[in-house]
Amino acid sequence: MTESSRSQPCPASWRFWIDRGGTFTDVVGRRPDGELHTAKLLSDNPEHYDDAAIEGVRRLLQLSPEDSIPAHRIEHVRMGTTVATNALLERRGEPTALLITRGFRDALRIGHQARPEIFALDIQRPQRLYDAVVEIDERIRADGTVLQAPDESVLVEELKTLKARGIRALAVVFVHGYRYPEHEQLVGRLARRVGFEQVSLSHQVSPLIRLIGRGDTTVVDAYLSPVLRRYADRVAAELGDVALQFMKSDGGLTGSERFAGKDAILSGPAGGIIGSVRTAALAGFERVIGFDMGGTSTDVSHYGGELERCFETEIAGVRMRVPMLEIHTVAAGGGSCLHFDGSRYRVGPDSAGANPGPACYRRGGPLTVTDCNLMLGKLQPEFFPAVFGPGANQPLDVEVVHERFEQLTAEIRSATGDRRSARAVAEGFLQIAVNNMASAIRKISVQRGHDVTRYALNCFGGAGGQHACLVADALGMDTVLIHPMAGVLSAYGMGLADVIALREFPLGQTVDDQLVAPLDRAEAKALEQAIAELTDQGHDGGEIRTRSQLHLKYSGTDTTLLVDSDDPARMREAFRAAHRRQFGFVLDGREIVAESGLVEALAPGQALTESADERAPDSSAPKNSARVNTWMAGQEHPDTPVYRREDIRPGQRVDGPAVLIEDHATTVLEPGWTAQLNDRHHLVLERRERRAVGPKAGKDVDPVMLEVFNNLFMAIAEHMGVALQKTAWSANIKERLDFSCALFDGRGRLVANAPHVPVHLGSMGESVRSVIETFGDDLRPDDVFLLNDPYAGGTHLPDLTVVSPCFGAGGQLLFFTASRAHHADIGGLTPGSMPPHSRHIDDEGVLIPPTRIVRAGSLDEQRLSDLLGSGAHPARNPRQNFADLHAQIAANARGLSELAEMVEQFGLEVVQAYMGHVQDNAAEQVRRALVELEDGHWVKTMDSGAHIEVRVTVDRKRRSAVIDFSGSSPQQPDNFNAPAAITRACVLYVLRTLVADDIPLNDGCMAPVELIIPEGSILNPKHPAAVVAGNVETSQVITDALLAAMGKLANSQGTMNNLTFGNARYQHYETLCGGAGAGEGFDGADAVHTHMTNSRLTDPEILETRFPVLLDGFGVRPDSGGHGRWRGGHGAERRIRFLEPMTVALLANSRTQAPQGLNGGGAGRTGEAWIEHTDGRRQKLAGCDRAEIEENAMLVIRTPGGGGWGTDD
């Protein structure tokens, strides 16, 4: 029933706004006289009620359990709910089938081929949402040419079979269906005729290019919509004839009958953003950081005048391509669990949830952040609802919290000798949680160029006020806003939200005068649909506001920016300005493409009116309700006042330390902060005393500060990576993410390496040390150095490393930052600089020894131009090299700037000391893993006949190991030679996989290991050996051999399957996934990137749009994994038909030598490739090969499977 057709409530009616969260359900009821009442209930409490939302309504209406809800007393109910999110996380959706174009049955399973956890040997992909896959014989090309139409009679039989199997929901995803939907529409009509009620068609769910993201979104919609519908129907049945609306992920409300799975994932958090923005505006704050801390996680958001939306994200392992409010979530909530690993404190990411909840909830739960606050006296049981224990009628359990913290303190003291008290231990854990939350805020503000110190922090959620001052201090913010409804602000935001209808539509056209006519037609159609959605819900057309925007991008790139729809010339100018603002550059002469459009129709929600208190401000001191013992800022405060917020009048000031209590929230006022109510009873916290430079930290190792610095160092490396990705030109860096960034101490030892590409791990240190050795005392401030020399710490020539030294005020060398990025071309025999038959390093491109390219801040453009133009085969596109090098220089500068801020905050000696401490901690973690190993030996032979031999000898007494590659083949005449830096990176990667904890990646990991690499061998070649395959192929063999020698994992595919194709107009490079090796207790994963690579694969629709090719199929290669007690992962099969003549080149291994099993497990099948020519010939390709391919011929590549583990029983 639509809202407009419902019976009208009486003028004196209640309005209910509800946020059904993961831990608590918050209910705000607005009485007929405008007075607000609230209720907070456990979301999951089956002993006492069926549904928390309905129970909250009942309580505020003071109904007995026997009473039905009086619909005439309620104007509307507006809800945000985690029902869909929970069903997605717990995989409790509707039995669903995926109908997809033939050849693509595994497309969503493989996704972009990257593994979720880069160091996991047991690779776990998210569980699939669909129960069945049906391939449909249909195909449309990127230009709309219909190659095959579906057979209706066959379709009907397939649908009937699915219905008989118990399938109740369908997701229909056809290649290029976003633009040419006729085949999807046909299936939709037939499916409904057969009796399917839930049919999600991809062109309706997400009408945008990219098969993988659109496909996942369509499956989510089919899988969750019936669950939502049942929940909405159940709520509606309880409410009777009451208007029921739900909050969507995009920040707008919609009628319950229109609420779909694709719109529901961020339903609750979206209400918090709306509430945060509207209440901040009323308090006079135009810029606001939303900080919503709940029991399970913390959501943060940025608002600088306009709601920010993202259009592609990943949630619970599922890719989503729908408009959502930009919300960054960090696993740090009140229920985040506390851990001590023997060296350092850890908080999360696991959570105690609502059941059992924190230790103080009386359900046997673990110690959590909430327990920290109870231990510190910041939470007081007598001021907290007594809703805990089996009967939901007991207060928080202080005794068990004190007991558990004393036990934990004793454990820490025994392991480290640290003498701090139990309360100081609790404060240490709290400090780490606060830093994690502050880091999340930096990602959505500072990383994007926003000065967060000019913003107000709007804190809400059940736990927000407890941490408000600490988070603000960590960010340098001086103002915090806590609304009277802060404890239930997400629910309050439901009542303030607009009703919104969004429509997206594909374009894919150049922004020029030819765009105007098709854009006008598409916009008009989309606006008509969006407006109709609102008028159907009872909104008058005169009140509806509309907006139209386009996603624009440079031709040949994937990064889009949203620009208001306008005249093409003005849109081009607006896009260039936005691109320069966000990325720092524009691409002159490059076409600008409109990828898609977005229209929004909006019916304004309730205006936020909060009457001002007309009484004169009161300057007297407020009365406190109690005085309690707390621990804040590193010391005890035995006489801390507790105030009830309702007892504080406007104008009265409270100085910290203090605790402010209200019905559903606690605000902790730390020392140095003051609080004051404004005339609307908003609590405004301000920093009145100058904050300390930073947390007190000495040079000696401290288990709290160890975790703090570990996170800070890693965050700097990650921030450098974000800066590099944003400002780079080439797709290799910007989209395939083939780069790494790192920090080093003054001696060139690795401190933190953001794990972007495994083959880069630890290898940059050799390059930094080469710069030190080459230039010595001639290193100067604001200098920058460049190299790619494989014999000086490089990997292969396309990987360019930029090194930037950091000097102190006295001129002493302090640190280095460095970035390594795979450039699209650096010269060589073939475009892309990956020649399969290179025999000399000069065949692979320009070799750059350590070279100063920036002196005293000035780029030596002539020197750089000469370098790129040198050699027998110079770089083909120096302009692009220049642009990407500018991005690397900027990324390094970002790291240097953040290191300088860290030194200012903590002091130079402390920062330098902790660079050593985090390395020592990494060494200790590796030592613990090494003692669990047995001595081992393995020889792995490559297709060329060369072999890698490794022997691992463990000394348990010293907790160390020798990893000896003696016996490996000598330097080879081909290009499979791997520089020593690659072998080191492989060893570091393997050591990290052995450690079950999230340790920093630094040179400390290698401290317990003696690494022996024979000079002049295939693993430590001499100039002028060719090395291009050593980086991408031999690295995989090294890793396989080392893991097998340790007895940890059977061989994975042992190759990256490097494929390049192109002609005079087009060039493309990709690496292909294969089977992962099995281990004790787990099968190998199918069709996934393993070990030293994790690069993404271009989406099928993007591939066919950019290049004259047709992807006939890409899927799992059946029966290619090795047998065993635990099966090896299956490889993949890729079939590419070429629509123009092309040259193809393949650089691969494991074509004649199969990936071996372990402990009796069988070998995986070898890879193979061939060309199916138009005359019927089949031309077999070797692992390293190059061939010409004619129009309409097909290239088929089958990648290797992984080895099995253990004998079959």
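This is a predicted model: local features need pLDDT of at least 70, side-chain atom pairs count only at pLDDT 80 or more; totals for chains, interfaces and linings use all residues.
The sulfur of Cys1073 sits 19 Å from the closest cysteine sulfur, that of Cys1184, which is too far for a bond. Cys1073 is also buried, at 0% relative accessibility (buried means under 20% relative accessible area, exposed over 50%, partly exposed in between, with a 1.4 Å probe and protein chains only). Cys459 has Cys469 as the closest cysteine by sulfur, but 8.2 Å is again too far for a bond; Cys459 counts as buried too, at 1% relative accessibility.

Residues are numbered from 1 along each chain as its sequence is written, and side-chain values use heavy atoms, leaving out hydrogens and water.

Now to the aromatic rings. A search of the whole structure finds 17 aromatic pairs (rings of Phe, Tyr and Trp, the last by its six-membered ring, with centres within 6.5 Å; planes under 30 degrees apart are stacked, over 60 edge-to-face, the rest tilted). One of them is the stacked pair of Phe246 and Phe259, at 4.7 Å centre to centre and 5 degrees between the planes. Phe246 belongs to strand S11 (residues 243-247) and Phe259 to the loop between strand S12 (253-255) and helix H8 (267-282), so the pair ties together parts 13 residues apart in sequence. Helices (H or I, at least four residues) and strands (E, at least two) are DSSP runs, numbered from the N terminus. Phe246 is buried at 1% relative accessibility, and Phe259 is buried at 7%.

Phe709 and Phe713 make a tilted pair, because their ring centres are 5.8 Å apart and their planes stand at 40 degrees. They are four residues apart in helix H16 (residues 703-727), about one helical turn, and both are buried.

S37 runs antiparallel to strand S40 (residues 851-855), joined by three bridges, with Val784 opposite Val854. S37 also pairs in the antiparallel sense with strand S38 (residues 799-807) over three bridges, where Phe785 has Val803 as its bridge partner. Two strands pair if DSSP finds at least two bridges between them.

Key:
A disulfide is a pair of cysteine sulfur atoms within 2.5 Å.
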